[in-house]
Amino acid sequence: MAASAEIHGPEKSSQYEDWTVVLPRRGKKNRTLRNFVIPKQEKQTQQWTPIDLETDPGKESKLMQKMQTCIQKLANSDFFRSFLNQMDNPDTLDKFLKVLGSEEKTMPIVIYGIGSIDSFEPPRMQLSLAILMKRKFDWIGEMQVFDPIISLTESRVLMSLGCNVLSVNEQGRRQALKPTLFFMPHCEAELYENLLEANWEVDKLKRMILFGNSFDAYEQNVSICKSSNVADSRKRILSVRSFTEELGVASFSDDSFLAFHGSSWHFFAPGTLNLGL
């Protein structure tokens, strides 16, 4: 749901910050979309389908080959070995399982703002990481994906890779009514703000795990720039810091750096009286 133009730290650019995208129409073939998920939402949502509805088996096969190559490349990388060691660490694994609790066997992984996996390597790396995580850990359940720039070709490849593509633009406002892992590397701050606003209750925050931009880095940037406008646009990110445990992810001087630099795990442990803004 967020993508690029001007880069601010690890964020994808503000080109899509209003969450509306118009793509060129290239044909009228293959207009049937299936296997899309329409979640129930309390906040305003926008029905979505790809505008570019032209695809063919050859395009899909080429993109699938790109993804398979990327998955294998990431699986053999130093970054992924380091990433798995961090997740497999008993202390870290305990944090994941604490959010999962004893009543649920799996938690869904909601992937926002993945970008174009056909056009760019970092989105392919990010999606590959989510896929490899699901293969490794049996407590990670259904994968749900959304970005307004996803094409029909990308949608079909995503579904072939085991993802459900949302047909509703949730604006990042999915409520954590059950344990949920939000996978949002390099998204806009606005998207994190929307997610936190939709879950600004003790019980909901406790059901969330967030993989995305470092909130600590946002706090440092606000302190440096000393702008009230910037602080207001990050108010929930800054407020949640007081009860967030953040674990930074090491990136390496290879393809993983562009895809994951500045990324962290975030675990929320709010008290009952400290959610005021």
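**Contacts and packing**

Guide: This is a predicted model, and a place to begin is Leu127, which, leaving aside residues up to four places away in sequence, touches Met67, Ile111, Ile114, Ile117, Leu158, Leu161 and Cys163.

Visitor: Okay, and which residues have the most contacts inside the largest nonpolar core?

Guide: Leu127 is one of them, together with Leu129, Met133 and Trp265, in a core that has 72 residues. Helix α4 gives the most to this core, with seven residues.

Visitor: How do α2 and α4 cross, then?

Guide: The axes of α2, residues 78-88, and α4, residues 121-136, come within 12 Å of each other and cross at roughly 45°. That angle makes α2 oblique to α4, and the crossing in which α2 passes α4 is right-handed.

Visitor: Which residues meet there?

Guide: From α2 there are Phe79, Phe80, Phe83, Leu84, Met87 and Asp88, and these meet Leu129, Leu132, Met133 and Lys136 in α4. Sorted by class, this contact of α2 with α4 has eight nonpolar residues and two charged ones, with no polar residues.

Visitor: Changing topic, is Tyr112 buried or exposed?

Guide: Tyr112, which lies in strand β3, residues 107-112, is buried, because its relative accessible area is 0%, and under 20% counts as buried.

Visitor: And how many residues apart along the chain are Tyr112 and Asp147?

Guide: They are 35 residues apart along the chain, while their C-alpha atoms are separated by 6.2 Å in the model.

Technical notes
Residues are numbered from 1 along each chain as its sequence is written. This is a predicted model: local features need pLDDT of at least 70, side-chain atom pairs count only at pLDDT 80 or more; totals for chains, interfaces and linings use all residues. Side-chain values use heavy atoms; hydrogens and water are left out. Axes are lines fitted to C-alpha atoms, for helices over the stretch in contact, and angles run from 0 to 180 degrees between N-to-C directions. Helices (H or I, at least four residues) and strands (E, at least two) are DSSP runs, numbered from the N terminus. Angles under 35 degrees count as roughly parallel, over 145 as roughly antiparallel, 65 to 115 as roughly perpendicular and the rest as oblique. A crossing is left-handed if the near helix is turned anticlockwise from the far one by less than a right angle, and right-handed if clockwise. Contact means heavy atoms within 4.5 Å. Ala, Val, Leu, Ile, Met, Phe, Trp, Tyr, Cys and Pro count as nonpolar, Asp, Glu, Lys and Arg as charged, and the others, Gly among them, as polar. A nonpolar core is a set of buried Ala, Val, Leu, Ile, Met, Phe, Trp, Tyr and Cys residues joined through side-chain atoms within 4.5 Å. Buried means under 20% relative accessible area, exposed over 50%, partly exposed in between (1.4 Å probe, protein chains only).
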